[in-house]
Amino acid sequence: MSPSAGGLVVFLLSVQVIQSQDGWRVNYDETDICKAKGSEVYITCDITHPPGRDPSDIKDRCWFTKEKDGETVDLRTDSEYSSRVKHTCFGDWKTCYLIIKDLRESDSAEYKFTLMTNKPGEKYTGSPGVTLSVKGLQVQVGRLNSTWLELKCHSSCVLPGRHLNVWYKNEESIKRGSSLLVSYGSTDRYSCYLRGTTGQRSPAVYGPQRPSVSVSPSAEMLEGDSVTLTCSADANPAANYTWYKEHEDSPRASGQNFTITDFTAEHSGNYYCEAQNEMGCSNSTLILINSSGKGGCTWSTTTTVFASISAVFLLIIILAVLYIRSH
């Protein structure tokens with residue numbers, strides 16, 4: 001078994017892979033490795049040389065995942081890896097290993113070792129190589145009843161041994177345990193981490209924050225035109241959206257966008273959207289859409305307020321002028 005620096009790892013297949021070419025052999029210690037996002041991985045192989053040859057005949061070697069123009073791309077020169085990889089050989093070139101730090105999900109690939117000898121054009125590659133899968137932690141949300149949710153920390157990697165979940169609420173560690181109970185409708189952010197690993201914490205899950213609504217077109221429109229309302233809310237998992245008109249129980253539409261075509265006076269009223277995910281739900285503030293006949297439509301909760309304020313100021317000015325003239 002290859003050395004490990006901690007982290008989520010499982011060896012799904014422990015059969016050595018041997019590539020033999022004229023007596024050269026590259027044997028991988030493991031062929032399938034699963035690691036946590038943010039951790040590091042060790043991949044090792046053993047090299048056997050043919051009779052009459054010795055390790056001094058090897059002039060170069062590299063680990064790679066892809067080729068360009070028929071040539072292997074050394075991970076040390078690959079911009080996606082160059083600052084995160086290290087590989088070397090020891091034991092008189094008999095064992096070579098690759099270390100990749102700060103693993104990303106995009107690092108999931110098949111890794112192969114190749115060596116070049118002092119004979120022109122002589123190159124040997126261990127194929128098939130080692131399949132690396134990089135997985136991030138996820139919080140799974142289960143609904144227990146109308147009040148409580150159960151959160152569980154999940155990894156697609158099968159974990160060797162037992163790992164203790166550490167739970168976070170709004171970036172603060174709050175509990176250790178296999179699961180966490182939280183109330184439905186909470187907008188707090190919950191994430192988990194597997195203690196004893198070098199992986200990253202899971203993305204946080206949280207209920208929808210108060211949704212915002214935008215209107216298009218934003219300029220005044222005439223009766224008979226179309227208007228589209230768009231709802232958006234910060235949430236993880238992503239929210240689903242439902243549209244309602246005030247004082248109505250049945251929804252008007254579902255989806256992030258709600259379009260009213262051929263707008264008439266009957267469409268006038270207050271509208272709002274509801275954003276919902278597994279963690280909870282939240283409603284937007286009311287948005288008023290008024291029809292002023294063929295003269296056009298206006299909207300927003302502030303329109304009526306501004307109109308009222310303007311009328312009050314106008315009345316004050318008129319009264320002030322009349323008062324001055326009378327005195």
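Predicted model: local features only at pLDDT ≥ 70, side-chain atom pairs only at ≥ 80, totals over all residues.

Student: Which residue is joined to Ser-127 by a cis peptide bond?

Tutor: The bond has an omega of about 0 degrees.

Student: Where does Pro-217 lie?

Tutor: Pro-217 is joined to Ser-216 by a cis peptide bond, with omega at about 5 degrees. Strand S20 covers 212–216 and strand S21 covers 227–232. Pro-217 is placed in the loop between strand S20 and strand S21.

Student: Is Glu-171 buried or exposed?

Tutor: Glu-171 lies in the loop between strand S16 (164–169) and strand S17 (172–176). Its phi is near 75 degrees, a positive value in a residue other than glycine. The relative accessibility of Glu-171 is 63%, and the cut-off for exposed is over 50%. Glu-171 therefore counts as exposed.

Student: What is the relative accessible area of Asp-262?

Tutor: Asp-262 is found in the loop between strand S24 (257–260) and strand S25 (269–277). Asp-262 is a residue other than glycine with a positive phi, near 50 degrees. Partly exposed is the class between buried, under 20%, and exposed, over 50%. Asp-262 is partly exposed, and its relative accessible area is 48%.

Note on methods: Residues numbered from 1 in each chain as written. Heavy atoms only, no water. Helix = DSSP H or I, 4+ residues; strand = E, 2+ residues; numbered from the N terminus. Buried < 20%, exposed > 50% of the residue type's maximum accessible area, 1.4 Å probe, protein only.
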